[in-house]
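Here is a short briefing to read alongside the model. Take a look at the sequence and the structure, and then we can walk through a helix and some aromatic rings.

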Amino acid sequence: MNLWKQYKDVLHDTISLYNEVGSVWAQWEGKGTSLTAKTYTNENIIKSREVEIWNETSCIYNNIIYPKTGSNLPCFGMDLMGFSPKKVIIVFDFQHPTENYLFSVEGLPKGRGDYRFFEPGNHFSENIYIQYCAMDEVDEHLEMFTTYLTKYKNMLECEK
């Protein structure tokens with residue numbers, strides 16, 4: 001299952017992760033489920049930690065990018081979770097490492113703030129993007145993902 005292929009392509013093309021060799025730091029298979037975890041780095045990030053978990057019906061992709069700037073930039077995190085054809089959760093955000101630090105990016109939508117586990121100001125920004133959809137609707141959110149990721153790339157470029 002390659003539900004998140006276009007998201008991963010945008011991520012790796014925008015942040016240039018595939019230009020660097022990724023190292024596998026975990027790999028596991030059992031009970032019909034597989035897990036692969038890799039790390040990447042480049043001139044602007046300390047590391048990008050990528051985890052994929054999949055089986056016949058579900059596909060989860062998690063990645064968090066840690067900036068290498070020395071400034072007060074957040075990480076960029078994403079949880080792309082396809083549990084079944086009708087149950088998909090898409091989350092991406094600027095995640096600040098400082099607790100109770102409300103980070104916001106002008107020009108991006110603000111999250112509704114009514115989500116369990118994703119409280120703005122508690123490592124999540126005001127711009128947290130959370131959507132529930134079906135697997136055949138996943139790519140409808142790709143343009144917004146590209147917008148967020150481009151904003152993050154511009155943050156990294158300005159601070160390098």
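Is phenylalanine 92 buried or exposed? Phenylalanine 92 counts as buried, at 0% relative accessibility (buried is under 20% relative accessible area, exposed over 50%, partly exposed in between, with a 1.4 Å probe and protein chains only). This is a predicted model, where local features need pLDDT of at least 70, side-chain atom pairs count only at pLDDT 80 or more, and totals for chains, interfaces and linings use all residues. Residues are numbered from 1 along each chain as its sequence is written, and side-chain values use heavy atoms, leaving out hydrogens and water.

**Aromatic rings**
- The rings of phenylalanine 92 and phenylalanine 145 have centres 5.2 Å apart and planes at 75 degrees, so the pair is edge-to-face (centres within 6.5 Å make a pair; planes under 30 degrees apart are stacked, over 60 edge-to-face, the rest tilted; the six-membered ring is used for Trp).
- That pair links strand S6 to helix H2, 53 residues apart (helices are DSSP runs of H or I with at least four residues, strands runs of E with at least two, numbered from the N terminus).
- Phenylalanine 145 is also buried, at 0% relative accessibility.
- One aromatic cluster includes Phe92, Phe145, Tyr148 and Tyr152.

**Helix H2**
- The buried residues of H2 include Leu142, Phe145 and Tyr148.
- Seen down the axis of H2, its buried residues fall within an arc of 140 degrees, so they line one face (the arc is that of directions from the helix axis to the C-beta atoms).
- On the other side of H2, Glu143 and Cys158 are exposed.

**Cysteines**
- Cysteine 158 has a relative accessible area of 67%, while cysteine 75 is buried at 9%.
- The whole structure has zero disulfides (cysteine sulfur atoms within 2.5 Å).
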